[in-house]
Amino acid sequence: MFLFQLEDTQAFHKKLNQDKLLHPPEFVIKPRSHTIWEKQNVKFHCTVAGWPAPRVTWYKNNVPIDVQAHPGKYTIENRYGLHSLEISTSQTFFPCTVGVTPHGFASRFEIKFIDKFEVTFGREGETMSLGCTVVISPDIKRFKPDIEWYRNGVLITPSKWVQMHWTGERASLTLTHANKEDEGLYTLRVVMGEYYEEYSGYVFVRDADAEIPGAPGAPLDVQCLDANKDYVIVSWKQPAVDGGNPILGYFIDRCEVGTTHWTQCNETPVKFARFPVTGLIEGRSYIFRVRAVNRAGVSLPSRVSEAVAALDPADRARLRSKIARCPSCKGVIPGPPTDLQVIEATKNYVVLSWKPPGQRGHEGIMYFVEKCIAGTEDWQRVNTEIPVKSPRFAVFDLSEGKSYCFRVRCCNSAGIGEPSEATEATVVDDKLDIPKPPGRIMPTRNTDTSVVVTWTEPPDAKELVGYYIESSVVGSGHWEPCNNNPVKGTRFICHGLINGEKYIFRVRAVNAAGLSEFSQDSEPIEVQAAIAAPSPPYDITVLESVRDSMVLGWKQPKATGGTEITGYYVNYREVIGGVPGKWREANIKAISERIENLKENMVYQFQVAAANLAGVGTPSLPSKPFKCEEWTIAVPGPPHDVTYTEVRKDSLVLLWKEPVYTGRSPIAGYYIDMKETEAKEEHWRSVNEKPLQKKFLKIAGLTEGVSYVFRVRATNQAGVGRPSDITDPVVAETRPGTKEVVVNVDDDGVISLNFECDQMSPNSKFVWSKDYEPIEDDSRLDIDSKGGKSKAVFKNLGEDDLGIYSCVVTDTDGVSSGYTIDEEEMKRLLALSHEHKFPTIPLASELAVEILEKGEVRFWLQAEKLSGNAKANFVFNDKEIFNGERTGLVEMIMDKLEDKDEGTYTFQLQDGKATNQSSLVLIGDGIIVFLGWEVTDDCNVMLKCKVRGKESTKCSIPRNTLINICLDALSATDLKIQSTAEGIRLYSFVTYYVEDLRVGWVHNDTQIRFSDRVKTGVTGEQIWLQINEPTPQDKGKYTMELFDGKTGHKKTVDLSGQDTKVNYARFFSDRARVLGGLPDVVTIQEGKALNLSCTVWGDPTPEVSWLKNEKSFVSDANCILKFEAGKNVSFTISAVSTHDSGKYSLVVKNKYGTETSDVTVSVFIPEEEQENNNENKKTKA
């Protein structure tokens, strides 16, 4: 009793001392299992000790239980160290576990693999390395992981062939000298206590190049199956590559451990993949290797086997034992062996096995083996000279096809005992047949470089080692092995295939007897990634809410499953008092965003699942609770679908869609905010000071390598609305291999935008857009995409084509690029196109004439360069007088000039598509050479010429020979300003207008982009620029640029307000305007009151009138129209009817302009009343 108390006290103090230090958690009372009825509550209890106090987490099916995700379902409590879990209305039995971790840290470790090894290909003899960076959270320094590597599910241990290393962050495995035995599925397992994570990748090892061309590949997986004093049975696997000739057999070599001398064990090749090696020295260790042979020669040797000792295991055990000798047992002749049987029979040898006799004394015994032809009693001793020491023996030198019986005798110093019972007759032949070919070869898609091949096992297959699979590109006739180590099972993933190619496959089975014939070829299959259901959408938000419906927004799945998403399925559940109800389907058919038939003022949660051709994906996590109520706020709702594209090291393009809910007035613009990803909320900063009208923005000035997030806010007259959801983080970087859109003008003058991508997946597509809106009108562009290249060809490049062109490649990691075509770039491309379409031969000198010594006249010109196929035509007064091939210098010689030779001489050149010509005029006694022209002050053209025989290089052409061409550019009047009903018109008159005259408009040194609000045109001789609904931003300097083909001319007018002669107020703030308040559409129930109001402005006060369906409309008893205080306009109908449906227009007008605002009123009848009306009509009828 005293001893018990002492031990108990010591244990108490030991426990007390431990409590002063850290010690790991332990269960004092463990939770026990429960079996309960369905819908019955259950409660688990446990008590946990540890210091500091451990954190306890309850798990269901190895997943932590989230009480917040299942309100009311689970109740977890901790009262003074007693932990409990209560499950309400349990639906079915499930296993439940409790996790505790050392020192009070989180109860489950999160293990992630990054920088992972992929499918790896190597060759025999090479060094191969696999590695993964492992991130474990939380990071507990005193709690280290166990790193384990597996090959085909078998734990790998370090050896001279395999080295493993763990740095604390990265696990690596190195194959120092790869062999085909190393091929297989490698798995890295990271173990933290009882929890672990795995990552796997396949490693392929191809044959090394044979020393003899056409020789087979080396055998593999050499093993010693049975080792004893007299022989060792060596087995191996046949290679997949036979070198193009059937394998005739195999040579087995042995080497005594400690030496380097290899001895061939068999004189003739053996076909069976097992062979007993005899002639070993007892007690010594050996290693073995195997070589294959065909008609071309002998293969490289296999990897050597593990060392094995030539010892009988039973003798080894007896040597270790200490057994006292019994004097009475000396000199006993041993009895007959028992249980003699043939354990293996081939056409080359037979292996016998037996058990030692019970009566044998304590000295060692040996055995004599005897054989005889079946049916006779002519016994012959097989081992006549040396008795066998082990109870197994391989018998050689038997006649193939004959039947034999065998028996064994024991012997010792006392003599030879009686023989054992003879075996049954054994035929000397291969008992194991070569397997038949596998059947039903079925390839299916896997990834863009791999295919899954399945097959059925051959009938009556015995002792199968595995299968070899081969692939061939359709039509090539060349077969390649897909694996070099036989695989077990009837399914294999063939990697390393070419995307887009069609392959066929075949399989053959392997056992020790040999390789089967090949199976039939499979059906062809194109290598493409298999489609899968998309991943869940995320970040669900509400974009608009009315009484009975809500518009949802969410971010698209990060993985589309390799095909386009066809729609989304939404589930919703009511949340009452914080307790969620049951999930319900919101839609049967795939929808985009609006959820109908909800209850007003009810709180809902939503989850969304994406669908594609492969099916419906996993639903998203439940959203935050949202209340279904009518939004009445004045400011707009959040923009949505905020994405980024064209990410570079210092810039990106941000895109978004306008809010579904616009507030009480139209959207006036957008503000973009940004911050670094890890920065706090107060670090959000605005990118733009003034609201943007467009729904995209190129954000420049980013810092390379920094991660950013963005959001967008919409604004209207009432103010700025709440921001959109933030984007996913994006790092400012230009990834290696990034390519840009390139503009090209070909030899035919065709202008195109070109984009290439080398990162395409099988389902990737090129998507072109203009100003980041999909191009739906194909009247301007032809788009052609083939392989990794896409081309957008302009049919007729013009002002309608100005804008930003962007190309995005789907199903990639954001591959995209953009190209801007402004007016200047358009002019450059058109000039280049004209040059390519109508190329000109450059001239070193124009057509010239000179008088030679004998009065001959020489016409000549010098081209800078002409090919050997160039031609020249000589034309006099529109008649061809000579043509022929020319190079460089072109000339023609006339004997003399006469009066009839007056006229125009022209040399026409053609070199391929390129042309040019030069002319001169001979008038009277002189030869006039045309040099150029100039314009006089009275808008006439003066030709400049050189006359032969005069000292002057310039002469005046008589007045009647002048060409009177009035140039539009010089005749244009100064710009004038005109106020119109729509806004402002700037205009200028020209004497004549021709289509060749190019006109451009510039505002504050920026080329004007034309739209529905800002237009340009020509009416008669008036060139004009119309600005509708002008704003203060339209003030400034306007310039009209004219180009007549040679020189440019400009006309300028100032609308900045600095000119005191012009009343600018009338063009901007004083013109009649509707400031806002009227909606675009009103839908109202019959019998309800309709009240519309808005504010107008103008100085002088504008006149106000109403139109209904484009006809004048005045106030009456049903509709009251009011205009009060010169600015407040109201429209009231006390009880609307269907006759009041229509388009109503408010027209405001003063001397500076007119503006119209439209509203469409739609009156509907409730369904119940409509049915009653229909029944009344039927009754009356």
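## Salt bridges

Lys-657 is partly exposed, its relative accessible area being 44%, and in this predicted model the partner with which Lys-657 forms a salt bridge is Asp-641, the closest N and O atoms of the two being 3.2 Å apart. Because Lys-657 belongs to strand β50 (residues 651-657) and Asp-641 to strand β49 (residues 640-645), the pair ties together parts that are 16 residues apart in sequence. Asp-641 is likewise partly exposed, with a relative accessible area of 34%.

The structure holds 38 salt bridges, and another of them joins Asp-253 to Arg-289, with 3.1 Å between the closest N and O atoms. Here Asp-253 sits in strand β19 (residues 249-256) and Arg-289 in strand β22, so the parts tied together are 36 residues apart in sequence. Asp-253 is buried, at a relative accessible area of 2%.

A further salt bridge is formed by Asp-974 and Lys-1051, whose closest N and O atoms are 3.8 Å apart. This pair links distant parts of the chain, 77 residues apart, since Asp-974 lies in the loop between α4 (968-971) and β74 (976-979), whereas Lys-1051 lies in strand β81. Asp-974 counts as exposed, at 55% relative accessibility.

## Strand pairing

Strand β81, which carries Lys-1051, belongs to an open sheet of four strands in the order β77-β76-β80-β81, where the pairing is antiparallel. The edges of this sheet are formed by β77 (1006-1007) and β81 (1048-1054), each of which pairs on one side only. Between β76 (residues 998-1003) and β77 the antiparallel pairing runs over two bridges, and Val-1002 stands opposite Gln-1007 in β77.

A parallel pairing is found between strand β9 and strand β16 (residues 195-206), which are connected over four bridges, with Thr-120 standing opposite Val-203 in β16.

## Cysteines without partners

A search of the whole structure finds zero disulfides. For Cys-410, the closest cysteine sulfur is that of Cys-411, and because the two sulfurs are 7.6 Å apart, the distance is too far for a bond; Cys-410 itself counts as buried, at 0% relative accessibility. Cys-757 is also in no disulfide, the nearest cysteine sulfur, in Cys-807, being 8.8 Å away. Cys-757 is buried as well, with a relative accessible area of 8%.

## A buried loop residue

Ser-305 is located in the loop between β22 (285-293) and β23 (308-309), and despite this loop position Ser-305 is buried, its relative accessible area being 6%. Apart from neighbours within four places in sequence, the residues in contact with Ser-305 are Val-222, Cys-224, Ile-287 and Phe-288.

## The chain as a whole

The chain has 90 strands and five helices, and buried residues account for 41% of its 1181 residues. When contacts between residues at least 6 apart in sequence are considered, 62% of them join residues at least 24 apart. The accessible surface of the chain is about 65,700 Å², and carbon and sulfur atoms contribute 49% of that area.

Terms used. Residues are numbered from 1 along each chain as its sequence is written. This is a predicted model: local features need pLDDT of at least 70, side-chain atom pairs count only at pLDDT 80 or more; totals for chains, interfaces and linings use all residues. Side-chain values use heavy atoms; hydrogens and water are left out. Two strands pair if DSSP finds at least two bridges between them. A disulfide is a pair of cysteine sulfur atoms within 2.5 Å. Buried means under 20% relative accessible area, exposed over 50%, partly exposed in between (1.4 Å probe, protein chains only). Contact means heavy atoms within 4.5 Å. Accessible areas come from the Shrake-Rupley method with a 1.4 Å probe; for residues, only the protein chains shown count as cover. A salt bridge is a side-chain nitrogen of Lys or Arg within 4 Å of a carboxyl oxygen of Asp or Glu.
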